[in-house]
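Reader: I am new to this structure and would like to understand the words used for it. Could you take me through them one at a time?

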2 protein chains.
Amino acid sequence: MRAAVLDATLAELADGGYAGLTIDKVARRAGVHKTTVYRRWPNRERLVADVLGEHLTTDFPIPDTGSLADDLRALAQAFVAWVTSPPGRMIFTAIYSDAARFTEIDDVRRDLFEYGPRRAKLVVERAVARGELPVGTNPVAVIRTLIAPIYFQLTVVSEPVDEHTAEQAAGIALAAARAGVFHL
Amino acid sequence: MRAAVLDATLAELADGGYAGLTIDKVARRAGVHKTTVYRRWPNRERLVADVLGEHLTTDFPIPDTGSLADDLRALAQAFVAWVTSPPGRMIFTAIYSDAARFTEIDDVRRDLFEYGPRRAKLVVERAVARGELPVGTNPVAVIRTLIAPIYFQLTVVSEPVDEHTAEQAAGIALAAARAGVFHL
DNA sequence: CCTCCATCGCAACTCCAAGTTGCGATCTCC
DNA sequence: GGAGATCGCAACTTGGAGTTGCGATGGAGG
């Protein structure tokens, strides 16, 4: 039953966004009564936060190809793949809505964009160790620069992202890092 | 009176966001009755769209220093300055909320991120003409890459942006453009 | 098989904001 | 100084959030 409600919430989130999300609609879609939903989740925010937590994958693989360019490409591709998947899209529409004003949901965003880069920065550190990048390069800044263009195209330009977007993002981060832009 | 309501809306938008925006509160803050607001604006969305349209500056100056690096720096600084100003912040919180689901408000975003780059790409085209960048460089992509890191830090990382952010954004866009990442 | 306890469905609430309506007062412009 | 427009005000309707009390059901243990 819990699963049915979570799925229904995700689906409702997909077409109406957070603003159009009503507990009643979620309950009906899940084939359950409104009261039942309220008995398990105290409010909308907690319900949505629960859904997001369920579909959040912070344990994506960290590539180690021996080449920074390839590693960045792989990371960008993985991010694009996740973000274009149904759960990824839904999580995005949820996170970047008014729901983000609630700490429960804002925490999910932090998990996504702080814990993620904290793991992914490994590829940058390895590149520095290999001598591919100057010593003193800020690893988290490189990863952020890798994500930013994809994120920008997705939310601002609202054009679909694909492999080419990932490719370009990797190119941007690589060129900037090599030029020493992220030097401390 | 119209001005008082628009100012009050902007102020309400600032502390409560779009989700916390109620016509009643706006009216009270403006020293006006709720009905009066409804007589001039049919709904919340139109009111907010009206406010945004009022404070939108699409006619920012296009720098022409003779150096792409300096031009990009100037553009980034201008964007940071606008985005950290009170109206800029308010417009941002409004645009990146559920309000964006309404076409009236989404149009404002398009004006901001399509018309802006369309003008700013001049500095890139001039750089190509000067031979600073390879022929065939996509000018809009360069401008987007300039904006993306600033936007990312502002909305995702939710850390304050400053001159250093602008500096780094300019460095990223410049390095990537020189490396030929935006080649068609 | 039967009882007990937990869970669910259901209807009937309260509360609050969106948006509407009718009317009386006021202000303005000619 | 009168007509038309604008505003204040109170009293609605509608719809979703969240709550409460009660009755039905269903599974586990004796």
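Reader: How do you know how far to trust chain A?

Author: This is a predicted model, and the predictor gives each residue a confidence, the pLDDT, from 0 to 100. For chain A the mean pLDDT is 90, and 99% of the residues reach 70 or more. Within chain A, confidence is lowest in helix α6 (residues 86-95), with a mean of 79, and highest in α9(A), at 97.

Reader: What makes up the secondary structure of chain A?

Author: Chain A has nine helices and zero strands. Read along the sequence, the pattern is α-α-α-α-α-α-α-α-α. The C-alpha trace of chain A spans about 60 × 25 × 25 Å along its principal axes. As for burial, 43% of the 184 residues of chain A count as buried.

Reader: How do you know how far apart in sequence the contacting residues of chain A are?

Author: Take the contacts in chain A between residues at least 6 apart in sequence: 64% of them join residues at least 24 apart.

Reader: What span does helix α5 of chain A have, and what is expected?

Author: Helix α5 of chain A covers residues 68-84, which is 17 residues. The expected span is 1.5 Å times one less than the number of residues. For α5(A) that expectation is 24 Å, and the helix reaches 24 Å from its first C-alpha to its last, so the value is close to the expected one.

Reader: Which residues of α5(A) are buried, and what do they pack against?

Author: A residue is called buried if 20 or more other C-beta atoms lie within 10 Å of its own. In α5(A) the buried residues are A:L68, A:D71, A:L72, A:R73, A:A74, A:L75, A:A76, A:F79 and A:V80. They pack against α7 (103-130), α8 (139-157) and α9 (163-178) of chain A.

Reader: Why does A:R40 count as partly exposed?

Author: A:R40 sits in helix α3 of chain A. It has 13 C-beta neighbours inside 10 Å. A residue is exposed at 12 or fewer and buried at 20 or more, so A:R40, with 13, counts as partly exposed. A:R40 and A:R2 are 38 residues apart in sequence, while their C-alpha atoms are 8.4 Å apart in space.

Reader: And why is B:D15 called exposed?

Author: B:D15 lies in helix α1 (residues 2-16) of chain B. It has 10 other C-beta atoms within 10 Å, and the limit for exposed is 12 or fewer, so B:D15 is exposed. From B:D15 to B:T93 there are 78 residues in sequence and 9.6 Å in space, C-alpha to C-alpha.

Reader: What makes up the contact between chain A and chain B?

Author: The contact takes 23 residues from chain A and 24 residues from chain B. On the side of chain A that touches chain B, α8 and α9 each supply at least two residues. The most come from α8(A), with eight residues. By class, this side of chain A has 15 nonpolar, five polar and three charged residues.

Reader: Which residues surround DNA strand D?

Author: There are 14 residues around DNA strand D, and the closest are A:T22, A:N43, B:H33, B:T35 and B:T36. Two or more residues come from each of α2 (23-29) and α3 (34-40) of chain A and α3 (34-40) of chain B. The most come from α3(B), with three residues. By class, this surface has five nonpolar, six polar and three charged residues.

Reader: And which come nearest to DNA strand C?

Author: Of the 13 residues around DNA strand C, the nearest are A:H33, A:T35, A:T36, B:T22 and B:N43. The largest share of this surface, three residues, comes from α3(A). The surface near DNA strand C has four nonpolar, six polar and three charged residues.

How values were computed:
Residues are numbered from 1 along each chain as its sequence is written. Chains are lettered from A and ligands numbered from 1 in the order in which they are written. This is a predicted model: local features need pLDDT of at least 70, side-chain atom pairs count only at pLDDT 80 or more; totals for chains, interfaces and linings use all residues. Helices (H or I, at least four residues) and strands (E, at least two) are DSSP runs, numbered from the N terminus. Two residues are in contact if their C-beta atoms, placed from the backbone, lie within 7 Å. A residue is near a molecule or strand if its C-beta atom, placed from the backbone, lies within 6 Å of it. Ala, Val, Leu, Ile, Met, Phe, Trp, Tyr, Cys and Pro count as nonpolar, Asp, Glu, Lys and Arg as charged, and the others, Gly among them, as polar.
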